[in-house]
Amino acid sequence: DDSVNDDFSNDDDDASVGLDEQTLPLIKCNDPTITSLKVGGWDEDEFASSVIWEKEGHCIGDNTNVKKLSITGCYDGEEEPTRRNFDEFCKGLARNRSIEHLEIDDCELNDGSAFAILSPLFGHNANLHRLDICSCTMNVECTRMFALALEGCTNSSLERIELDCNEIEDGPAGELIAVLNKHHPNLVKLSLLGNNVGRNGCVALGNLLENPMCKLKELYLNRNSIDDECIILLENALANNTTLEKLDLSNNKLITATGWQALSTSDSKVKVVGAK
């Protein structure tokens with residue numbers, strides 16, 4: 001059951017305010033009552049014009065009271081004006097230094113150019129503790145652009161990252177995890193549910209878990225391409241790790257009884273979800 005990932009639940013959604021023509025002036029004047037904001041689902045009406053997108057981005061970028069921002073249903077399209085509009089929004093957003101939780105959900109990110117634009121937000125916002133990117137199309141190029149943006153962080157405060165159901169391939173996943181290992185030592189929870197993480201990704205995860213600076217407590221790898229060889233890689237790493245408390249491997253159909261047996265006989269104290 002993939003629903004076990006409760007720590008990433010959006011328990012503050014009910015308090016979020018939608019961004020529209022009425023709330024935009026409040027964001028612009030830094031209204032202290034608005035701390036959680038939803039943006040997205042734009043259509044082709046007047047409010048979706050490039051001018052409005054740019055205003056939205058810059059208003060959020062200059063705001064210091066919004067702590068959670070949810071971007072949903074946006075399309076970084078290959079055709080103008082859609083790409084130009086979304087890029088203008090991201091340019092403004094990149095200036096923000098107060099957002100603590102950024103959520104990007106159900107967005108077409110294509111080549112990942114938005115991540116390049118948002119790199120100042122990732123790299124210089126010391127308040128950003130949680131980053132969720134879910135149900136987006138992150139192809140090889142997009143994943144690498146995301147990794148490059150995170151590589152530019154000079155003082156990362158990220159503690160929780162959720163990258164669920166993004167179709168991330170194994171090779172780029174390994175590259176991304178290597179960046180997290182090197183540049184994000186404060187990470188305590190990582191979710192890669194519903195991607196294609198396999199042996200390359202598990203080699204990188206093994207390196208992360210064996211890093212003496214590792215603080216990771218929860219790792220979600222459910223519904224990936226984990227097989228018995230991946231299990232051995234993770235098991236070996238866990239022998240040298242003292243921080244991880246929970247490892248979710250449920251719904252990995254390539255793991256055989258041999259793999260599960262290896263985990264069951266391990267000396268690790270980690271709670272393994274999905275073991276048979």
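Predicted model: local features only at pLDDT ≥ 70, side-chain atom pairs only at ≥ 80, totals over all residues.
Residues are numbered from 1 along each chain as its sequence is written, and side-chain values use heavy atoms, with hydrogens and water left out.

Okay, the overall picture. The protein chain has 9 helices and 10 strands; those are DSSP runs numbered from the N terminus, with helices being H or I of at least four residues and strands E of at least two. Of its 276 residues, 53% are buried. By buried I mean under 20% relative accessible area, with exposed over 50% and partly exposed in between, using a 1.4 Å probe and protein chains only. The accessible surface is about 12300 Å², and carbon and sulfur atoms hold 48% of that; areas come from the Shrake-Rupley method with a 1.4 Å probe, and for residues only the protein chains shown count as cover. Take contacts with a separation of 6 or more: 85% of them join residues 24 or more positions apart, a contact being heavy atoms within 4.5 Å.

Now the core. The largest nonpolar core has 76 residues, and the ones touching the most other members are Ile60, Leu102, Phe122, Ile133, Phe146 and Leu249. Helix α4, residues 113-124, gives the largest share, 6 residues. For the record, such a core is a set of buried Ala, Val, Leu, Ile, Met, Phe, Trp, Tyr and Cys residues joined through side-chain atoms within 4.5 Å. Zoom in on Ile133: leaving out residues up to four places away in sequence, its partners include Leu109, Phe115, Phe146 and Asp164.

On to helix packing. Start with α6 (170-183) and α7 (199-210): their axes come within 7 Å and cross at roughly 10°. That makes α6 and α7 roughly parallel, the label for angles under 35 degrees, while over 145 is roughly antiparallel, 65 to 115 roughly perpendicular and the rest oblique. The axes are lines fitted to C-alpha atoms, for helices over the stretch in contact, and angles run from 0 to 180 degrees between N-to-C directions. Among the α6 residues making that contact are Gly171, Gly174 and Ala178, and α7 brings Gly201 and Ala204, among others.

What about α5 (140-151) and α6? Their axes come within 9 Å and cross at roughly 5°, so this pair is roughly parallel too. Phe146, Ala147 and Leu150 are among the α5 residues there, meeting α6 residues including Leu176, Val179 and Leu180.

Then α9, residues 257-264. Gly259, Trp260, Ala262 and Leu263 are buried, and they line one face of the helix, because down the axis they fall within an arc of 155°, taken from the directions from the helix axis to the C-beta atoms. Ala257, Thr258 and Ser264, on the other side, are exposed. The buried set packs against α8 (228-238) and β10 (271-273).

Last, the backbone. Most residues other than glycine have a negative phi. Asn30 sits in the loop between α1 and β2 (36-40) and is partly exposed at 23%. Ser135 also has a positive phi, about 55°; it lies in the loop between β5 (130-134) and α5 and is partly exposed at 39%.
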